[in-house]
Structure formats: structure tokens, C-alpha cells
Amino acid sequence: MKKNKGKVSLYYSHDIDEYIKALKEKTKKLKKIKFSSYKLKYKNGQFYFLRLASADIKPKDKILFIAAGIHGEETAGPLTILNKLKEIFSYARKNKVKLIIYPLCNPSGFSQMTRYNIDDDEGETGNNDYLRYEMADGTFKDDIKKSNNYKAWYWSSEITKNLPLETKIMHKILKKEPLTQVRALLDLHQDYISSVSLPFSYHYSFGKLGVYKDIIKNIKKIVPLYKNRMIDAGFCEVNKDGDRSHCLEEAMLSDKNGFVIRHDGTLPDLFYRLGTPYCITVETTGATPLQEAMAVNMVWIKGLIDLIKYESTK
Ligand SMILES: [Zn+2]
């Protein structure tokens with residue numbers, strides 16, 4: 001645990017005011033980072049949605065986009081951004097990659113350590129809701145698993161008004177971003193749902209997964225991969241008695257490197273449909289110590305910057 005001149009360490013803090021204050025201070029010190037905030041007025045309180053970005057994004061620049069904390073209790077993502085801010089921006093700068101970061105996608109959930117927001121609004125399909133598939137028969141789905149059988153896709157905000165406030169505002173802000181310049185999208189999560197009592201890491205992605213070979217090698221040095229396992233986290237309501245037997249039909253098998261391919265309407269799925277080459281959801285199990293979860297997140301952040309850089313030298 002880092003000590004900061006006798007002050008309580010921010011390392012494990014989910015105090016929202018401390019988090020924002022510390023992030024603002026760090027951003028100011030680093031310079032050339034644009035810090036913006038957007039007001040979120042919930043029924044039960046007011047919070048701020050934050051955005052950080054390289055200050056000098058030009059039309060031909062390549063961008064790594066990082067989102068963290070959409071599920072409020074999964075604090076490793078927001079804490080990675082706060083604690084490793086300097087390292088992240090220095091590494092990106094060195095490799096000529098620009099950054100856009102939404103460090104705290106669900107601020108009220110973060111402050112009270114709950115998956116959903118302070119109004120307990122889950123919307124139609126949870127708050128990681130960005131995409132809808134229209135099927136051949138005209139019905140809409142948010143999850144088509146591995147299949148690519150659909151008629152059309154839409155931003156979910158075009159199909160439903162029933163989105164949690166933080167998701168709604170993200171749709172609005174996202175539409176103003178230079179989306180065609182985003183070469184990699186990283187969505188940082190933790191899995192507190194699967195009943196796994198040991199540290200593990202797994203990931204959702206699409207397309208050719210061989211490009212992540214070096215990243216996988218580096219993750220294995222930190223925690224084991226949750227490979228060849230059935231995973232249903234986030235896709236199954238568990239009964240009050242904890243019975244998960246009915247979840248099996250919702251589950252999907254991870255591959256030998258811990259990847260699950262699932263078109264589940266989440267942020268990475270949206271970016272995949274928008275044409276972003278590298279779209280990743282990072283998961284570390286709840287039993288993974290924070291330091292290790294942050295280390296896994298950093299492997300992805302640096303690894304994706306490397307991939308973007310490599311791509312531009314080709
Ligand atoms: Zn999550």
C-alpha cells in the first residue's frame with residue numbers, strides 16, 4: 001500500500017470526491033491532457049461523468065479508447081487509471097498513440113460499490129447496453145452469442161429509451177468522439193459474479209485472436225487464465241437460493257487462452273461493429289488481488305498501444 005505523507009492512501013479508495021480530486025490533480029501535473037466532466041442528475045443524487053483525452057488529437061492520429069467502471073463495484077479499472085495515469089500517458093506518447101479515457105463510467109455505483117447506479121436503474125439489459133441486433137423476423141436482441149446471423153445493428157439508444165442515465169450520457173458523448181480513429185477499445189471489468197475462489201483472468205474479444213499472443217503470455221506471468229471454462233457471468237439471473245443450474249444454457253466456453261467470443265451488445269461489441277480492429281473486455285475474478293488486477297489491466301493497455309504502433313509501421 002502506497003503511503004502519501006501520512007494521508008490515507010487512495011489506492012483502495014472508492015470515495016468519489018477523493019477519486020475525482022486526485023485524478024484532477026494528477027491530470028493537471030501531467031499536462032497535455034484534457035479533463036472534462038458531465039453532470040449526471042439521478043433521482044437520488046448528483047454525480048459527474050468524467051472524460052480524459054490527449055489534448056492534441058489530430059485527424060490522422062490513432063486512438064486507444066479505454067472505458068472503466070461501468071459496473072460500479074468493479075473498482076480495479078477506475079483505480080488502474082488513477083494510479084497508473086502517468087505510466088499510461090507516457091507510454092502512449094512514446095508510441096505516438098492518442099488516448100481517450102472514460103475512467104469512471106458509473107460514478108454513483110462506484111461510490112456505493114454497487115453494479116448499478118444510485119437509482120438502482122438497470123435499464124432493459126443492464127447498463128453496459130450499447131447495441132441492438134435486428135433479427136430476420138424483425139425482433140431485437142442484445143445478445144446473439146457467437147452468431148453473426150442478424151439483419152441489422154443499431155446503437156441501443158436508437159431502439160429503446162430505457163437506458164440507465166450513465167449509459168444514456170455515454171451514448172451522447174460517444175457520438176461526438178472521433179470514432180473512426182479509434183484503433184483499439186478496452187473495457188475494464190472484474191468478475192464478482194462467477195463463484196471462483198482463486199485469481200484468474202479471461203477476456204471477451206472478436207476477430208483474429210492470434211494478435212494478442214504476447215499479451216496473453218504476459219498475463220500468464222501475473223495470474224492464470226480462466227481457460228476452457230463455461231462462463232455465464234452477467235448473463236444469468238441467479239435464483240435467491242443461489243441455484244445456477246439453469247444458467248448453463250446462457251454460458252459460453254472460454255478457449256485455451258481464456259477468450260470468449262460473444263456479441264452481447266456491450267461497448268466492445270459496438271466498437272467491433274463500428275470497425276475498430278481490436279476490441280477487448282478484460283475480466284479478472286473477484287478473488288484477484290487489486291494489485292494483480294491492475295497489473296493485468298496494464299498488460300492490456302500497453303499491449304494494445306504496441307499493437308496500434310505495430311500496425312502503423314506495416
Ligand atoms: Zn463488469
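Predicted model: local features only at pLDDT ≥ 70, side-chain atom pairs only at ≥ 80, totals over all residues.
Local features are taken at pLDDT of at least 70 and side-chain atom pairs count only at pLDDT 80 or more, while totals for chains, interfaces and linings use all residues. Residues are numbered from 1 along each chain as its sequence is written. Helices (H or I, at least four residues) and strands (E, at least two) are DSSP runs, numbered from the N terminus.

**Exercise 1.** Work out how helix 7 and helix 9 pack.

*Solution.* Start with the axes, which are lines fitted to C-alpha atoms over the stretch in contact, with angles from 0 to 180 degrees between N-to-C directions. For helix 7 (residues 213-220) and helix 9 (residues 290-313) the angle is about 160°, and the axes are 9 Å apart. Helix 7 is therefore roughly antiparallel to helix 9 (the term covers angles over 145 degrees). Next, list the contacts, meaning C-beta atoms, placed from the backbone, within 7 Å: Asp 214, Ile 215, Asn 218 and Ile 219 of helix 7 meet Val 296, Val 299, Trp 300 and Gly 303 of helix 9.

**Exercise 2.** Find the partners of strand 5.

*Solution.* Strands pair if DSSP finds at least two bridges between them. Strand 5 runs antiparallel to strand 7 (residues 152-155), with four bridges; Leu 131 partners Trp 155 there. Strand 5 also pairs with strand 6 (residues 140-141) in the antiparallel sense, over two bridges, and Glu 134 stands opposite Phe 140.

Definitions and conventions: Parallel < 35°, antiparallel > 145°, perpendicular 65-115°, else oblique. Contact = placed C-beta atoms within 7 Å.
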